[in-house]
Each structure stands twice: as C-alpha cells, then as structure tokens.
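Here is a short report on one protein chain. Look over the sequence and the model first, then read on.

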Amino acid sequence: MLLSWRWLNEFVDLKGRTIESVAERLTMTGCEVESIETPCELLSGIKIARIEKLYPHPEADTLKVAEIISSEGSHTCITAAPNLSVGDKVPYAPPGACLADGAVMGQKDFLGITSEGMLLSAEEIGLPDIADEFGILRLPDDTPLQADLKGYFGLDDRIMDISITPNRGDLLSVMGLAREVHALFPDSTLLDTREWPGGLQDNWPCDFEDIKIIDQGCTFYSLGLAENIKIGPSPLRERIRVNMMGMRPISNVVDATNLVMLLTGQPLHAFDLDLIPQRSIEVRSALEGEIFTTLDNKEHVLQEGDLLITSGDVPVGIAGVMGGQNSEIHEGTQKVVIESAHFSAPRVSQTSRRLGINSEAAYRFARGVDPEKVIPSLEYVLMLLEKWCGSRIYAQKKIARSHVPANRKITLRSSTLRKVLLWDDLHETSRILHRLGLVEIDRTLSDLTVEVPSWRPDLSIEEDLTEEVGRIRGYDLIKPRLPGKLHGGGTEGPLYHTQRVIREVALGRGFTEVVTYSFISKDFISELNISDEDSRSHPVLLSNPISQQMVCMRTLMLPGLLNSLKNSIKSGWREEIKIFEMGRVFLLKDTDNLESLEEPERVAGLVFPGQERRVPYRQTLEEDFYSVKGDISALIRSRGFNPGFGKGEEPFGHSGQTASVYINDERRGLLLRLKPSIEAQLEVEGPVFYFEIDLAPLMNPRKPEYRDISSYPAVYRDISLLVNKETEAEKVKQYIAELAGDLLCKLKLFDIYQGKGIPEEQRSLAFSLAYRRDDRTLKDAEVDQVHEQVRAGLEKKGFALR
C-alpha cells in the first residue's frame, strides 16, 4: 500500500512529526514501512510561466519560439511541442533549474536564437503518466505565476510503501491509515473525515428496475446515477495524487472512482448506462463454463462460485474483480451508473487468484471492505463527477441488501491484561481502544465491554483486544521477566525424535535438508503418468489457492523435490545434488469423502549425480541406484530395523530400477530411478534417483539385543541354483532360511551370473550358508543332512541346482 504523506496530513494533525518517526512507529506495531520515496526528489527551481507570444522559428519548420513571462521576468524558449497556444500556463525550467532525472538547465543556441532553459512535459517533471496530451504539460488557468511548481502541485510529496497484513483490509486506504496513525500518537488529532453529501433532491429521470441479489456472496449493492457527463482528463492536482499513489490516470470518471477507493478503501465501478443490456442489475453466480471478456480485452472461462454482475442476465462485470468490455466508459459516454457494493472476501479472492486478475479492487475485497463505506463512497464519487464534469447527479440511490451484520461486542478482563501485558489499567485501555474506533459501552472494576466498528472484522475475541492494546501501547513497555520454575523436564515426542535421528543420519551421508510447499499444481498427475485408479491422482483441492501452481495438497513428495532440482539446475549448479525432506502427504481413502483424509508422515530424498564431467575417477565416485539403497538402509537401521527390498512398480519409475522398501516385512516405501522420459522433461544429463519412506514404523525403534559371541565355529556350505530373471533373490533367501531352520546362523548372496552356459531367460545365484550351534560343535554329518534337506526343498520348488 502506497501512502501519500501530504494526503495523510489532511486527515490527521501529527503535531509536526516527521515521516521517519511515523514510519518507525508503524513498523514497530505491525505495519512494516518497506521504503520511503520522493518521486520528484531531484526536481527543483521549476517556475510557472505564461506564453505571451508564440511564432515559428525562422530557420526551422519544426521549432517554435515562445516568449514567456514568469515571476522572474520575461524569457525566450525554443520548443517543438504542437499543443501550445498564447495564454497557456506551463512549467518552466530556467537556467540553473534541475529536472527529475538530475539534468541541470542552461542556455542553448537554436539556429541563432538562444533558448533560456526549457518548457517541460510531464515526463521531464518525473510523472509521465499524468500527461493528458502529447507535448508540454499545460497547467490550469488559475495557477499563480508566483507559485513554485513543486510545492503548489504537491510534487514535493513523499510516499511510504507499507506492507499490510492480510487481516487488516481496513488499512488499505488513506482514511484507514489516518485512524491507525492517530491511535499510535495520543496527542495527534483526527481531523474531520465526514463524507461529502452531494446531488439533487429528486429521483432518477429514467426507469430502472430494483436490484436483485440472487447469490448471497453479495451482501450490499448500490447504484448512483450521473448524467450529462463529458469525458476528459481529471484535474491536474488529482492526476498527480492518483499517480503518486501508484495508479495510472485514465479519465475523469475512472479517476474519480480510483481516488475515492484510495481514500476510503471502497472499490467502485462505473458502467455506461447506454451500453448495459437492460435497465436492471442482478448479482448471481456464474454458470459452469460461462465465458466473459473483461476490460483488459481478455476472455475468461468462469466456474460456479464466481460472482457475476449481470443486466438482463448478460454479464457486465465479475463482482469485486473487474468490469466488462461490453459496458466500459469511453469518450462518447454521457450517462454513467456508479456501482458501490460489498462482496464476500473468500469468493472474490478465489476468483481473482484463479483467473489471475490482481486488480486493486480484488486486492481490497479479498482482505475485507467496510460495508458501511458503501453509500458514503458512492456519494463522494457523484460529488466529484458534479465538480469535475459539470454532470447532473441524483440523491436517490438504488440499494439492495441480503444481509445486515449484527453489532459485535467484546468484553476484555483486567485479569487477561495483567496476565499477558503485566498491566491492567482499564481506563487507559478504554482510551487506546477509543482511538482505534472501538466504543466503550460498559465498564466495571474487573472488565471492559466495547462495540467493534464495522471496519474491523478481524476483531472477534478477547485475545484480539489484548493484542491491540499491547500493540498500540507498545510492546517495549512490557517489562522483561524470567519464566517461573518449570514443573519437570520437557520431553521430545516420538515423531520429532525420529525426525531428529533421521536428519542426523541423512546429513552425515551428505544430504541437504529442504522444505518445499505442501501445495502443488495438479499437473503432477500427468507429468508423473499417475493413472486415475491410483489414489494419488485424487488430491485434496484448495478452496482458496495462492496461485495456479498451488491448487492442491501433495499426495507424494516428489513434485516439490523435482522443483528444487529444476531451480538448482536453472541457476547454473552442475555438482552433485542430494536433498531430503520430512513432512506430510495428504491421501484420500475415499475420493468423495473428505473425512477419509489421511496425513502420514514421510521422509523423501532425491539424488542427482550432477552434470560436471571434469572430475577424476568420476565413475567410481558417482551416486547410483545401489549407493542410494545404502543411504536408505542407513536411515532405517538407525531406528533398529533391517530393511528389505523387493521388486517394485511405479508409473514414474524406471522399469528395471524400481524397488519396494520393506520394514517388518511390510511395504513401507519405494526406491527408484525416474523414467528416462521424465528425466528428459527435466532437461538433465544423467539419472535421477528418488526414495520415499513412511515414518510410522520407525517411531517405535527396535532396541538392539546383545548376546555372547559363540565359542563354537560355524560350518559353511554353498548352494548355486538357476532361477528365472523375474525371481527376486530376496525370495530365494527366504525359502532357504525356512528350509534350513534354526541351525542357519548366516545367509549371504555372493554371486550373480548370467551369460554363457546359462539359458537366456534365467540367471545363476550363489549363496553361502553358515551353520552353527551355541552349545557344541556341529558334526559334518549333521550339517550335510540339513544341507541336503535345503537342496531337496529347493528342487521341489522348481529350482535347478548347479
């Protein structure tokens, strides 16, 4: 929010305080002033001049000689501007004056005639948008020659850029900030801010049906009428003010609505009465797929829930967002109806974000607008149109309401103040709240009851008032104190303890922790080839998304990590990338029932070997599928479990490098290399590995069991067998362990072979088996008997022994 220092001082007397002191106080109380700018800071020495004579340059057809008079006397200037006439008053930069860009004026010869300084355009003043025609900026006829241009038209104004929190929509106006500043400085005086009534005491001269509010997303709607409009530029002083506040002057009608919005915070819109389809206005919800063209000539496809302003059921505006091209003000407009209304903040916010229309009106409606400003703002706009355009305005307003908000009362106890602020003066509390606009309606020795004004929808409970009192009084006045004795030591919950251990292990293995948004784009479903039958393809949609790229909750953590990878590569990073994240995913068991939502905690990681090829021994140092498998094993073993791995299948996983991760013989995660097609979309050179593990089983760590080392030796035997390529070695190990029984103390796969001498569809696996008893040494005959049982059992299962 940009705030004009001059305009602020018209509404609050600050007793000579500087803009810097006000900015510091605002920042300390929650409204951070990000910068203080002086748009025309370098401009100096500019005078007001009147053109006495104007004639062509005798040696140049494109130049004119202007003889002017200013407070410093008569001067001659050369100009090429086509818009000047004798008697015009213009900005004049005499020799020694400084323009907005820092250029210092002097004298210059133009084909035998010396130009003493120059006449200025709006661009040379530093505000190109205030120009209403090509050429020199012409000033109002009543501008005194003795005046200094910079001070007379407010070009010496200073602008504060204030960061307003989303819950304080009341501060998105000059009057709202004037109230806030008055509350911060008890000795300041809030000047008369009553609205300006205007208009004739008669009814509209044309038939116009009553306004119909069909959708309850509109609580208050009003229209005002102005006739005999003559479209043109607004007065120069107002064009400068609108431009200083960050908006571009357009015409007298549009500037009037914008000026009032900046002043009161109430967005307004002007319709050309002769262009709306019927003499009627209805507020309804859009139809699914309905198409509408806005003022910026862009076509939008609407959805149910978008609020529309219609006339004869034809849309003429998206409520609270932007008007339509079919009813916009143009040079020939003679009759306008001004809309001043109150719309649901969530509805406007959702529509503007989804359509990507970040208008000034939508910005304010999305943060809450004071419904009691609807009529006063409308009356002020009509008064400006009467003043600027000489139009005929009418006191009658067309009004419709669907809801009248009830008065809100909040009671604040002195015990609450004492507990939070270490201070409980209810008398001073009442004075502070009164400066904020909250009226005391009852007070006892122990509590205070106030009525909340319509412009503060963010105040609803006792804690809100406590915060306001502490904020305005000053947090620096709260005396610091040491906390009392804690009753017992704090404990770390199982989730945080698990995350801490996992974090330590991951960091020790070279990973970097990242935190990504839980909100993602729905595009991840198609990008990762996830089918409709997969529950991960049905994410929870947000009712009020931040942007088009954040419309739903993540069902897996891969999209956020891929985005981190893409951003790193785009920034020029070529080294290895090993990142991990811990957080929740959001899964619907029943896609039609939000109550079935589950939010399991996960740890996920992404490994990319990098694109730097100039590394000695790169192939031996580079991360691969098995090194990432080792990382996962280390994470799981840190909680006392032995991980298992089996063949897996994922729509985004490489068919030959996708594994399921098992904990306690239950599938609890995945490990894979991304499909080459997805890697190609990322535009990376090299494999991308990804893993995701459920943290639930790791929250109850398995404690290690200790026993004496056996004093009896193990007896070793080997088994080599042929298996189909699809058969997992882990399953074969399970068969062997079951057949060998309790004598088997260790089982190890030591060789995998496929090639010459082995059928094409098969491979050879070789295992080493260690047999042992803890109470005596095994005899060869005992071992041979058990080993033969294992061999026979494997043959029965269809394996060919070698």
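## Surface and charge

The protein chain exposes about 39,900 Å². Carbon and sulfur atoms supply 48% of that area. Keep in mind that this is a predicted model.

Now take the charges. The chain carries 94 positive and 122 negative charges.

## Overall shape

How far does the C-alpha trace span along its principal axes? The spans are about 125 × 85 × 60 Å. The radius of gyration of the protein chain is 38 Å, whereas a compact globule of 802 residues would have one near 28 Å.

## Fold and interior

The protein chain has 21 helices and 42 strands. Buried residues make up 49% of the 802 residues.

Contacts tell us about sequence distance. Take those between residues at least 6 apart in sequence: 69% of them join residues at least 24 apart.

## A look at helix H6

Helix H6 covers residues 236-244. Which of its residues are buried? They are Leu236, Arg239, Ile240, Val242, Asn243 and Met244. An α-helix has 3.6 residues a turn, so residues three or four places apart point the same way.

Terms used
Residues numbered from 1 in each chain as written. Predicted model: local features only at pLDDT ≥ 70, side-chain atom pairs only at ≥ 80, totals over all residues. Heavy atoms only, no water. Helix = DSSP H or I, 4+ residues; strand = E, 2+ residues; numbered from the N terminus. Rg over C-alpha atoms; globule rule 2.2 N^0.38 Å. Buried < 20%, exposed > 50% of the residue type's maximum accessible area, 1.4 Å probe, protein only. Contact = heavy atoms within 4.5 Å. Areas by Shrake-Rupley, 256 points an atom, 1.4 Å probe, with all protein chains shown as cover. Lys, Arg positive; Asp, Glu negative; His and termini not counted. Charge placed at Lys NZ, Arg CZ, Asp CG, Glu CD.
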